[in-house]
Amino acid sequence: MSHLFSEFTLTSPRGPVTLANRAIVAPMCQYSADHGQATDWHLMHWGSLLNSGAAMFIIEATAVAPEGRITPLCLGLWDDATAAALEDKLHRARKLAPHVPVCIQLAHAGRKASSAAPWQGGQLLTAEQGGWETHAPSAIPHLAQETAPHELDSQGLEQIKQAFAKAAQSAQALGIEAIELHSAHGYLLHQFLSPIANHRTDAYGGNFDNRTRFPMEVFAAVRAVYQGSLGMRISASDWVDNGWTPEETADFSLRLQLAGADFVHISSGGVAAQQKIAIGPEYQVPFAKLVKQKTGMPTITVGLITEPQQAEDILVRGDADLIALARAFLYKPRWVWEAAAALHGKVQASPQYWRCMPREAQGIFEAVQIGQR
């Protein structure tokens with residue numbers, strides 16, 4: 001039997017979350033929200049990906065506060081209006097697809113907030129352009145020519161921690177089965193981890209214990225109020241000399257596991273413009289392998305995994321437990337169907353699609369019943 005099409009179970013305080021296979025839709029920012037509120041774009045996008053055959057769908061980076069958005073167009077979950085919009089679009093999308101566990105990535109962009117959308121240049125917005133003051137561990141801008149962020153004080157740290165916890169409670173009320181805390185790609189929690197962005201001299205900066213303190217406090221605050229499966233996305237390497245390292249990622253993951261984490265999702269980069277990433281097929285898989293070897297906890301790998309046999313081989317080697325794809329799903333929303341045909345797997349599909357398969361892919365759908373007169 002194909003490893004990619006074998007079941008996998010994530011633990012959680014309220015019970016197991018069973019995944020039908022090992023393919024995951026990674027979170028992908030859509031920059032299509034209205035004041036943080038999900039729109040019809042999200043309904044269409046989520047409905048499509050919930051029909052992809054993937055075992056779990058992770059909703060894009062969702063800001064826990066307005067100032068934590070990457071752009072003015074980013075999705076949020078910080079008040080009744082954003083919760084109601086997300087509930088409406090997600091409920092309707094889920095009605096249009098087989099049952100698929102949903103995860104949401106809760107995030108705060110820190111010094112990378114107040115940016116224009118990528119197709120609008122992606123640069124830091126001024127107040128005149130609709131931007132806002134950003135906050136970070138230290139008053140160090142992401143790019144040298146940018147206005148420096150405001151260094152967070154103890155009150156600011158507490159407010160952000162409580163914002164994560166409140167968003168987690170909202171996610172639980174919406175029936176979302178899992179939460180992924182975003183500590184990757186140069187956003188706020190990653191900024192605390194990285195000595196490139198964190199130059200603090202108090203209890204939240206300096207050595208490894210101090211730099212991991214705030215992300216661990218955020219994790220603990222969310223774990224205390226959320227009973228679903230909870231994990232964290234981590235950039236395993238800054239790809240910069242004297243930055244955050246894969247070894248630190250493994251040690252940090254072990255601490256998360258001891259604090260009640262159910263999974264980790266391993267990515268890399270994003271905190272420094274000086275990064276030099278060695279891009280290539282499966283370039284982040286060794287990081288996931290290191291974490292899995294150190295902790296034994298469920299580990300998601302991601303990054304230039306585009307072919308079914310690639311994904312299968314990673315799982316056979318034991319380098320990771322789950323395979324996440326992002327842009328590959330935008331280009332091929334039915335990537336999992338193609339993988340099932342290649343690896344002799346089975347997927348669930350809405351009955352409206354049961355008659356679509358070409359002859360070479362017949363038999364990948366479970367429990368098909370077709371009749372006509």
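Does His-344 count as buried or exposed, and at what relative accessibility? I looked up the residue in this predicted model. His-344 counts as exposed, because its relative accessibility is 74% and the cut-off for that class is over 50%.

**Entry 1. Backbone angles**

I stayed with His-344 and read its phi. The value is positive, about 60°, although the residue is not a glycine. I placed His-344 in the segment after helix 11, which spans 335–343.

I then turned to Trp-239. Its phi is near 55°, again a positive value in a residue other than glycine. Trp-239 belongs to the loop that joins strand 9 (229–235) to helix 7.

**Entry 2. Helix 8**

I listed the buried residues of helix 8 (residues 285–295) and found Val-285, Phe-287, Ala-288, Val-291, Lys-292 and Thr-295. These residues lie on the same side of helix 8, because they cover an arc of only 155° around the axis. On the face turned away from that buried side I found the exposed residues Pro-286 and Gln-293.

I next asked which elements the buried residues of helix 8 pack against. They are helix 7 (246–258), strand 10 (263–267), strand 11 (299–302) and helix 9 (308–317).

**Entry 3. Helix 1**

I repeated the listing for helix 1. Its buried residues are His-42, Leu-43, His-45, Trp-46, Gly-47, Leu-49 and Leu-50. Their cover includes strand 3 (23–25), strand 4, helix 2 (80–95), strand 5 (102–107) and helix 10 (327–331).

**Entry 4. Nonpolar cores**

I looked up the largest nonpolar core and counted 89 residues in it; Leu-4, Leu-86, Leu-106 and Leu-181 touch the most other members. Helix 3 (residues 154–173) gives the most to this core, namely seven residues. A second, separate core has 16 residues, among them Ala-26, Ile-58, Ala-178 and Ile-300.

**Entry 5. Cavities**

How many cavities of 30 Å³ or more does a search of the whole structure find? I recorded two.

The largest cavity holds about 60 Å³ of space. I read its lining as Ala-61, Thr-62, Ala-63, Gly-68, Arg-69, Ile-70, Cys-74, Ala-107, His-108, Ala-109, His-182 and Tyr-187. Strand 4 (residues 56–63) gives the most to this lining, with three residues. Sorted by class, the lining of the largest cavity has seven nonpolar, four polar and one charged residues.

For the second largest cavity I noted a volume of about 30 Å³. Its lining consists of Ala-26, Pro-27, Met-28, His-45, Trp-46, Leu-49, Phe-57, Ile-58 and Glu-60. By class I found seven nonpolar, one polar and one charged.

I cross-checked this lining against the earlier entries. His-45, Trp-46 and Leu-49 line the second largest cavity and are listed among the buried residues of helix 1. Ala-26 and Ile-58 line the second largest cavity and are included in the second core.

I then took the open spaces. The largest pocket has a volume of about 1,400 Å³. It is lined by 47 residues, of which Tyr-31, His-185, Tyr-187, Ser-267 and Arg-327 are the closest to its centre. Strand 12 (322–325) and helix 10 each supply at least two residues of the lining, and helix 10 gives the most, with three. By class, the lining of the largest pocket has 25 nonpolar, 17 polar and five charged residues.

The second largest pocket has a volume of about 290 Å³. I counted 22 lining residues, and the closest to the centre are Leu-19, Ala-20, Asn-21, Gln-348 and Glu-366. They divide by class into eleven nonpolar, eight polar and three charged for the whole lining.

Two residues link these spaces to what I had noted before. Tyr-187 lines the largest pocket and also the largest cavity.

Key: Residues are numbered from 1 along each chain as its sequence is written. This is a predicted model: local features need pLDDT of at least 70, side-chain atom pairs count only at pLDDT 80 or more; totals for chains, interfaces and linings use all residues. Side-chain values use heavy atoms; hydrogens and water are left out. Buried means under 20% relative accessible area, exposed over 50%, partly exposed in between (1.4 Å probe, protein chains only). Helices (H or I, at least four residues) and strands (E, at least two) are DSSP runs, numbered from the N terminus. The arc is that of the directions from the helix axis to the C-beta atoms. Contact means heavy atoms within 4.5 Å. A nonpolar core is a set of buried Ala, Val, Leu, Ile, Met, Phe, Trp, Tyr and Cys residues joined through side-chain atoms within 4.5 Å. On a 1 Å grid over the protein atoms alone, a cavity is a set of points where a 1.4 Å probe fits but cannot get out, and a pocket is an open set with protein on both sides within 12 Å along at least five of seven lines; lining residues have an atom within 4 Å of a point. Grid points are joined across faces, edges and corners, and a volume is the space filled by probe spheres set on the points. Ala, Val, Leu, Ile, Met, Phe, Trp, Tyr, Cys and Pro count as nonpolar, Asp, Glu, Lys and Arg as charged, and the others, Gly among them, as polar.
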